[in-house]
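Below are some exercises, each with a solution you can follow step by step.

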Amino acid sequence: MLRIENLTCEADGKALLSLDTLAVDAGETLAILGPNGAGKSTLLKAICGDCRHRGQVELHGCDRLDWCADRLARHLGVLPQASQLTFPFLAEEVVALGSIPLKLSQRAVREEITRVMALCDCLHLRERSFPTLSGGEKQRVQLARVLLQLSQAEQPPLLLLDEPTSAQDLGHQHHLLTLINTLAEEGYAVISILHDLNHTLHYCKRCLILEAGRPRFEGKPDEVLAPDSIGQVWNYRPTFGWLQDDRLVMA
Amino acid sequence: MRASAPGVALLLMLGLVMSAVLSIATGPLALSSVDSLLALLDHLFDWQLAQLQDYQRAVVVDLRVPRTLLAMLTGALLAQCGAVMQGLFRNPLADPGIIGVSSGAAVGAVLAIVMAPLAWVAWATPVAAFTTGLLTTLAVYALARTANGTSVTILLLAGVALAAFAGSAIGLMSYFASDQDLRSLSLWQMGSLTSASSTGIVLSALALLMTAFQFQRRAAALNALLLGEAEARHLGIRVERLKLELILLTALAVGIAVANTGVIGFVGLVVPHIVRMLVGPDHKRLLPLAAVSGALMLLLADTLARVLVPPAEIPVGIITALIGAPFFLALLLKQRKLGKL
C-alpha cells in the first residue's frame with residue numbers, strides 16, 4: 001500500500017536521507033532502526049509530507065500529493081514523539097480532535113472516543129486536563145486521537161509512530177506493541193521508529209536499519225539483527241540468548 | 001472545573017444588556033435610566049414617551065448611544081481577535097498588538113489625521129489604518145515565512161521591531177501636526193471612544209459580523225492548530241492557507257477598531273484568558289463568548305472612564321491598561337513558574 005521510490009531529503013545542501021525504494025503492505029509492522037541522526041525521523045516526515053523531498057511517495061497506488069486532504073487524513077495517521085499542546089483541553093477533547101476529517105454524528109464520535117481510549121488504556125484519564133498528564137499518558141491520549149482519525153478509513157490505513165514506547169512504562173510498552181500488532185491484523189500498515197531491539201525482535205515483522213541517511217540492512221528482525229550487523233551500525237556488540245519458549249533475546 | 005457554556009453565555013448577555021443601559025444612562029448630565037431608554041425608543045419608533053428636553057434627548061441619542069455601540073463593537077472585535085491570535089501562535093500571551101497590526105494601523109491613522117484635509121478625515125482614517133495595518137501584517141508574515149512554514153518566534157520578534165518603528169514614525173509625524181491635531185492625536189493614541197461616528201459604527205458592525213462568521217467556520221481548525229502545525233496538517237487542515245486567512249481577518253478587524261478608537265490594549269489578552277478559564281479552550285465556545293465578554297469589558301471600562309473624574313473623562317485605553325498590565329504580569333509569572341519562559 002505504501003511505495004517509496006528514489007526518495008531524497010536535503011537540508012542546506014546536505015543529504016539527510018536517500019532511499020531507492022521501500023514498499024510496505026497492509027498488515028505489515030515495520031520497525032525503523034538506526035543510531036541517532038541516521039535519518040529515521042526524516043523518513044517518517046518525508047512519508048507524511050512534513051519535510052521537503054524529491055522522489056515519489058505513493059499510497060494505495062496514488063501519489064500522496066494527489067490525495068484530497070481529508071481523505072489522506074483518514075488513511076495516514078502520525079503519532080509524534082512528544083506533544084506541544086499546552087492549552088487546557090480535557091484528554092477526551094484531545095481525542096475528539098481526531099474526528100475533524102471524519103463525517104460522524106456527535107453520538108458516534110462519543111462512542112468511538114470511548115472505544116479508542118479504552119484500546120490505548122487511557123479511558124480513566126478522559127476528564128483530566130491534558131497538560132497535567134505525564135509524558136506517557138499524553139502519548140497514549142495522542143495515540144487514541146490518531147486511532148480515531150483512522151477509524152473510518154475505506155482502505156487499510158497507514159500508521160506512523162515516532163518512538164511510541166519512549167515515554168511508556170514497561171507494562172504499557174508491551175501493551176502498546178501488542179495493540180500495534182492487533183491493528184496490523186485488522187489491516188493497518190504500521191511503521192514505527194524503535195530503539196529497543198528486543199521489541200523489534202518480538203513485535204515487528206520487518207525492520208529497516210538506517211545509517212547516515214542510507215538503508216544499511218533490511219529484512220526479518222531475527223535474520224537482520226545479528227551481533228555483526230548490530231556491531232557495525234551501533235559500535236556495540238550485544239550478547240544473544242534464547243528464552244525457554246525459543247524466543248531470541250539480546251542483552 | 002468548568003462552567004457550562006450556555007450558562008456563561010446567558011449571564012454574559014444579561015450583564016451586557018444591563019451595562020448597556022447603565023452606559024446610556026451615565027454621564028455628566030444626570031438622566032434617569034428609564035427616561036434614557038425611552039428617549040432611545042422614541043428616536044427609533046418616532047414616539048414621544050420620554051419626559052426630556054430636546055438637548056437631553058440629543059445627549060442620549062447622539063452621544064451616549066453611539067458611544068455605547070462603539071464600545072461594545074470594538075470590545076468584541078478586539079477580544080475575538082485576541083482569542084484567534086493566541087490560538088494561531090499557540091501562545092496564551094499573544095495579542096493583536098503583538099504581531100504589528102495595531103502599530104501598523106496606528107501609523108496609517110496618524111498619517112490620515114495629520115495629512116488628510118479636514119473633510120476627509122472621517123473616512124480617510126479607517127481606510128488608512130486598515131491599509132497600513134494590513135501591509136504591516138503581511139510584511140511581518142512574509143518575514144516570518146520559511147520553507148517549512150511560519151516561524152512563530154520570528155513573527156513575534158518582527159512584530160516587536162515594527163511596533164518600535166511605528167512608534168518612532170508616529171513621533172516624527174507629531175512634529176508636523178498642528179496643535180489641534182496634536183491633542184486629538186495624543187487622545188487617540190491612548191485609546192478613546194469619544195469620536196463615535198456613524199461611519200465608524202457601521203464599519204465596526206460589518207467587520208464584526210464578517211469576522212465572527214469567518215472565525216467560527218474555522219473554529220475546529222484552530223483547535224487542531226493548538227496541537228501543533230504538523231499535527232493539524234495530518235488532520236487534513238491546510239495550515240498555511242488557514243494562517244494567512246486568519247492574519248488577514250485579524251488585520252481587517254483590528255485595523256477598523258484602531259481607526260475608530262486608537263490603540264486600546266489588553267482587551268485581546270485579558271478577555272480570552274478569563275473565558276478560557278471558565279469554559280475551556282475549545283474555540284467553538286471560546287470565540288463567541290470572548291466576543292460578548294470583550295463587549296462587556298470595554299463597555300464597563302468606558303463607563304468607568306466617564307464617571308471617575310466628571311465632567312472630564314479618562315481615555316478608556318488607560319483604564320484597560322491599568323487592569324490589563326498587572327494581569328499580563330501575573331500571566332508571565334505563571335508561565336515562568338511552569339518553566340515555559
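**Exercise 1. Decide how α3(B) and α9(B) lie relative to each other.**

Solution. The answer is that α3(B) and α9(B) are oblique to each other. Let's see how we get there, keeping in mind that this is a predicted model.

Step 1. Take helix α3 (residues 54-88) of chain B and helix α9 (residues 219-227) of chain B: their axes cross at roughly 40° and come within 8 Å.

Step 2. Angles under 35 degrees count as roughly parallel and 65 to 115 as roughly perpendicular.

Step 3. Now find the residues that touch. From α3(B) come Val84(B), Gly87(B) and Leu88(B), and from α9(B) come Leu222(B), Leu225(B) and Leu226(B).

Step 4. Sort these residues by class: five are nonpolar, one is polar and none is charged.

**Exercise 2. Compare the radius of gyration of chain B with the globule rule.**

Solution. Step 1. Start with the secondary structure: chain B holds 14 helices and two strands.

Step 1. For 341 residues the globule rule gives 20 Å, and the radius of gyration of chain B is 20 Å, so chain B is as compact as a globular protein of that length.

Step 2. The C-alpha trace of chain B spans about 65 × 55 × 35 Å along its principal axes.

Step 3. Look inside: 49% of the 341 residues in chain B are buried. Of the contacts in chain B between residues at least 6 apart in sequence, 75% join residues at least 24 apart.

**Exercise 3. Do the same for chain A, with its 251 residues.**

Solution. Step 1. Chain A has nine helices and twelve strands.

Step 1. A compact globule with 251 residues would have a radius of gyration near 18 Å, and the 18 Å of chain A agrees with that.

Step 2. The box that the C-alpha atoms of chain A fill is roughly 55 × 45 × 35 Å along the principal axes. Of the 251 residues in chain A, 45% are buried.

**Exercise 4. Trace the six-stranded open sheet of chain A and find what packs on it.**

Solution. Step 1. Write down the strand order, which is β6-β7-β8-β3-β9-β10 in chain A, with mixed pairing.

Step 1. Find the edges: β6 and β10 (214-219) of chain A each pair on one side only. On average, neighbouring strands of this sheet are turned by 15° against each other, direction ignored.

Step 2. Zoom in on one pair. β3 (residues 29-33) and β8 (residues 189-193) of chain A run in the parallel sense and share four bridges. Here Ile32(A) stands opposite Ile193(A) in β8(A).

Step 3. Helix α6 (residues 170-185) of chain A lies across β3, β7 and β8 of chain A, at about 150° to β8(A).

**Exercise 5. Describe the hairpin formed by β1(A) and β2(A).**

Solution. Step 1. Strands β1 (residues 2-11) and β2 (residues 14-24) of chain A run antiparallel and are joined by nine bridges.

Step 1. Pick one bridge: Ala11(A) has Lys14(A) in β2(A) as its partner.

Step 2. Look at the turn. Two residues lie between the strands, and Asp12(A) in the turn has a positive phi of about 50°.

**Exercise 6. Are Glu93(A) and Gly219(A) buried or partly exposed?**

Solution. Step 1. Recall the cut-off: a residue is buried if 20 or more other C-beta atoms lie within 10 Å of its own, and exposed if 12 or fewer do.

Step 1. Glu93(A), found in helix α3 (residues 91-96) of chain A, has 21 other C-beta atoms within 10 Å and is therefore buried.

Step 2. Gly219(A), found in strand β10 of chain A, has 13 C-beta neighbours inside 10 Å, so Gly219(A) counts as partly exposed.

**Exercise 7. How many residues of each chain meet where chain A and chain B touch?**

Solution. Step 1. Count both sides: 20 residues of chain A are in contact with 17 residues of chain B.

Step 1. On the chain A side, α2(A) gives the most, with four residues.

Step 2. By class, this side of chain A has 13 nonpolar, three polar and four charged residues.

Definitions and conventions: Residues numbered from 1 in each chain as written. Chains lettered and ligands numbered in written order. Predicted model: local features only at pLDDT ≥ 70, side-chain atom pairs only at ≥ 80, totals over all residues. Rg over C-alpha atoms; globule rule 2.2 N^0.38 Å. Contact = placed C-beta atoms within 7 Å. Nonpolar A, V, L, I, M, F, W, Y, C, P; charged D, E, K, R; others polar. Pairing = 2+ DSSP bridges. Axes fitted to C-alpha atoms, helices over the stretch in contact; angles between N-to-C directions. Parallel < 35°, antiparallel > 145°, perpendicular 65-115°, else oblique.
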